[in-house]
Amino acid sequence: MTAQDPGYTNSPQRQVGMEQDEKNNIDKQRAIMCRGGWFSRRDFIKGAGAAAAGVPIAMATSGLTGGLMDFSELDLAADDASAGGPNGNGFKRALVLYDGTGEFAWIGNVHAKQLANLIGRFLPTGARANNTVIKTVAEYTAGEMNQSQYTATFYLGQTYDNQLPTALRNDILATRKPFVFFKYNLWQIAWTPDFSADNATFVERFGFRWEGLHPGAGSTFSRVSYKGAEFAKSLLDAELGVTRVINAGQATVKAWSVDANNNEVPYIIHGRPANAIGPNGGLWYVADSPFSYMSEEDRYMVFSDVLFDMVGVTHAQTRRGLVRLEDVSAISNPAQLRACADYLSGRNAPFSIATIPIYNDPLGTWNGGVAERIPISRAATVKSAINYMRGRGGEVIMHGTTHQYQDVPNPYTGVSADDFEFFRVTENPDLSLTFHGPVPEDSRQWARGLLNNGIRELRRAGWGTPTTFEAPHYGMSEVDYLAVGGMFDWTYHRVLYFQDQSFVAERHAPTPGTTRQAEEGRRRRRERRIGNRNAGAAGGAGRAGAGTPGRGGNGGGGNGGAERAQAQAEPDKFAGQFFPYVIQRDVYRNKLLPENLNNIEPTGWPDPVEGPYMPRLPEALVRDATRNRVLRDAWASFYFHPFFDLSYLRETIEGIQDAGYEFQRASSVRS
Ligand SMILES: [Zn+2]
């Protein structure tokens with residue numbers, strides 16, 4: 001494959017171009033922030049929300065700023081995993097650097113955690129914490145990356161033209177160990193200081209050159225080609241750093257970005273100097289941040305696989321599957337549960353039963369206005385159906401305690417499985433959702449108490465102490481995730497990661513010299529952007545309750561909520577992440593089973609922000625699983641609501657099995 005010249009040169013004029021790019025970039029990142037302020041219904045209710053990137057949330061009155069941990073302390077307190085292990089043959093620890101300055105530095109802060117989570121793949125099975133060291137690039141000290149504790153060092157170039165410390169630039173240029181560089185600022189080492197020419201040392205050592213930044217506007221580089229398979233890249237974040245191979249004996253392209261005319265530029269390139277240590281030594285360059293707008297079918301999956309090569313870990317090809325039956329509670333239909341179990345056991349597919357310990361409908365929404373609360377231990381027919389399922393390969397995992405919050409809609413009905421339990425969410429007139437943050441009483445103690453109620457109830461039903469937890473609607477606060485880590489051996493979901501609170505305090509003060517008017521103008525522009533978009537998108541479409549097709553309800557139009565949401569959307573921010581494989585420990589110290597294919601969604605629905613959503617049918621899950629066969633540690637993990645027609649489950653299971661995946665008993669998965 002040959003790289004096409006995209007027309008970028010390193011002439012001084014390019015500098016002027018970059019200033020314009022920077023403006024575009026800031027506008028774009030602002031758009032990312034605004035977009036996140038309005039989570040779509042489907043994103044969260046259907047579990048895809050934790051895949052969205054760059055998402056601000058509201059602080060509301062939750063006391064979110066108080067008492068949260070500083071993650072740098074957590075990370076440094078982690079176990080010494082230098083022994084390596086079967087998951088990481090020789091892997092010790094990684095150093096992750098990010099830009100600590102600039103308006104959007106928080107994105108780098110969150111992406112650094114997401115990267116540390118993926119690196120958690122390589123920790124020993126017995127690790128108790130994620131030992132990745134995360135710090136800002138300014139905190140880098142000379143020679144640090146060469147310390148023997150580090151297997152590899154990563155730098156997330158997220159803030160355009162953030163100045164890299166001289167010591168870091170020198171160390172990268174001389175590196176013999178793996179150094180992985182993402183997106184912005186490579187020009188500071190690849191070019192001469194006046195940008196008039198290539199830095200000869202760079203090209204000589206790594207065998208490739210930096211060509212420039214594809215600004216993204218008008219880009220059609222929406223595909224990434226990897227090992228013969230084609231993955232996607234969202235054009236909502238279309239920028240790419242463009243490199244070109246100069247010496248094919250030194251530089252290897254691991255994946256290619258592909259545009260509409262089939263032009264290709266390297267997406268991930270590895271330049272290996274003559275004196276590199278090991279096959280993975282030298283400079284790796286990733287053309288964007290793969291954590292931005294990640295999705296089930298996109299280049300995040302490619303990066304996750306190349307990560308093995310970056311840290312020098314070998315892994316024989318495996319293809320494993322997981323299936324979970326979702327939202328099983330005291331009001332589930334026992335016949336449907338038994339039918340799923342019969343089918344799955346006939347296919348030799350063990351499965352998990354995401355069980356809601358206590359069904360609660362405090363407002364009597366589905367009970368003629370009369371409150372109803374049924375612990376699962378007292379729902380005789382469902383209990384016996386679950387016992388039947390357990391005899392056919394089913395394993396009970398805990399899915400919240402009530403999967404709703406108190407006696408209020410949160411956001412929909414107040415009924416179990418419809419609502420969030422650990423996060424406060426309200427619905428806007430245009431059907432979009434506002435995330436207010438943790439519930440007011442949120443604390444580690446509170447979460448523990450609530451979770452203990454659920455655990456007791458599952459024990460009462462005779463199923464022992466649950467070892468695996470799944471958060472309702474995949475949404476919890478930091479302290480809740482930390483609480484879960486101490487109570488369950490495993491988590492089995494997608495996860496939200498928040499910017500450091502210390503980061504908020506230190507780095508979100510107005511920049512010195514910025515006038516109040518400028519801040520105000522920026523705020524207004526941002527609001528206008530949101531307002532305009534929502535004005536066009538709102539509609540009076542009917543809605544389906546979460547996972548409950550056919551339930552009526554009607555939303556009005558209008559965009560009155562836009563400014564309100566924006567007012568609340570500062571200063572805390574988070575992004576969601578799904579996992580392509582088992583993570584031994586994330587930054588919350590949780591072990592994670594992957595869920596990387598989402599779920600079956602027979603009917604689409606209108607979304608006020610994203611527009612109409614297409615249904616997600618078995619063929620889409622099977623297509624993604626088939627594409628992922630090129631990944632070495634490939635998983636096909638999805639969930640299914642048993643009230644849907646069994647044929648959807650059948651088609652998905654058979655398609656995934658035909659693609660060569662073998663379904664696993666979740667409790668037997670170790671790594
Ligand atoms: Zn659920």
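Reply: Let us begin with one pair of facing residues in this predicted model. Ile-268 stands opposite Val-286 in β12. The strands concerned, β11 and β12, run antiparallel and are joined by four bridges.

Me: How many of the residues of β12 are buried?

Reply: Burial is judged by relative accessible area, and a residue under 20% counts as buried. In β12, five of its five residues are buried, and the strand is mostly covered.

Me: In what order do the strands of this sheet lie?

Reply: The order is β3-β2-β4-β5-β12-β11-β10-β7-β8, nine strands that form an open sheet with mixed pairing. At the edges are β3 (133–136) and β8 (229–232), each of which pairs on one side only. On average, neighbouring strands of this sheet are turned by 25° against each other, direction ignored.

Me: How should I read the part of the sheet around β2?

Reply: Consider its partners in turn. β2 and β3 pair in the parallel sense over four bridges, and Leu-97 stands opposite Lys-135 in β3. Strand β2 (residues 94–98) also runs parallel to strand β4 (residues 152–157), to which five bridges join it. In that pairing Tyr-98 stands opposite Leu-156 in β4.

Me: Which way do the side chains of β3 point?

Reply: In a regular strand the side chains alternate between the two faces of the sheet. From β3, Val-133 and Lys-135 point one way and Ile-134 and Thr-136 the other way. All of these residues are buried.

Me: Which residues touch the most other members of the largest nonpolar core?

Reply: They are Phe-154 and Phe-638, in a core of 167 residues. Helix α8 (residues 299–311) gives the most to this core, with nine residues. The core also draws at least three residues from each of domain 1 (71–311) and domain 2 (319–493 + 509–570 + 592–668).

Me: What does Phe-154 touch, apart from residues up to four places away in sequence?

Reply: A contact list shows which parts of the chain meet at one residue. Among the residues that Phe-154 touches are Ala-94, Leu-95, Val-96 and Leu-97, together with Phe-182, Leu-307, Met-310 and Val-311.

Me: Is a loop residue such as Asn-280 buried or exposed?

Reply: Position in a loop and burial should be read separately. Asn-280 lies in the loop between β11 (264–271) and β12 (282–286). It counts as buried because its relative accessibility is 11%, and the cut-off is under 20%. Beyond residues up to four places away in sequence, Asn-280 touches Pro-178, His-270, Asp-309, Met-310, Val-311 and Gly-312.

Me: Where is Leu-597 found?

Reply: Leu-597 is in the loop between β23 (573–577) and α16 (618–627). With a relative accessible area of 0%, Leu-597 is buried. Its contacts, leaving aside neighbours within four places in sequence, include Glu-296, Arg-494, Leu-621, Phe-638 and Ile-656.

Me: Which residues coordinate the zinc ion?

Reply: The zinc ion is coordinated by Asp-327 (OD), His-399 (NE2) and His-403 (NE2), at 2.1 to 2.2 Å. In sequence these donor residues are spaced D-x71-H-x3-H. His-399 is buried, with a relative accessible area of 1%, and His-403 likewise counts as buried at 1% relative accessibility.

Me: How many helices and strands does the protein chain have?

Reply: The protein chain has 17 helices and 25 strands. Of its 671 residues, 61% count as buried. Among contacts with a separation of 6 or more, residues 24 or more positions apart account for 74%.

Methods:
Residues numbered from 1 in each chain as written. Predicted model: local features only at pLDDT ≥ 70, side-chain atom pairs only at ≥ 80, totals over all residues. Heavy atoms only, no water. Pairing = 2+ DSSP bridges. Helix = DSSP H or I, 4+ residues; strand = E, 2+ residues; numbered from the N terminus. Axes fitted to C-alpha atoms, helices over the stretch in contact; angles between N-to-C directions. Donors = N, O, S within 2.8 Å, 3.2 Å for Na, K, Ca; no water. Buried < 20%, exposed > 50% of the residue type's maximum accessible area, 1.4 Å probe, protein only. Core = buried A, V, L, I, M, F, W, Y, C linked by side-chain atoms within 4.5 Å. Domains from an automatic or database assignment. Contact = heavy atoms within 4.5 Å.
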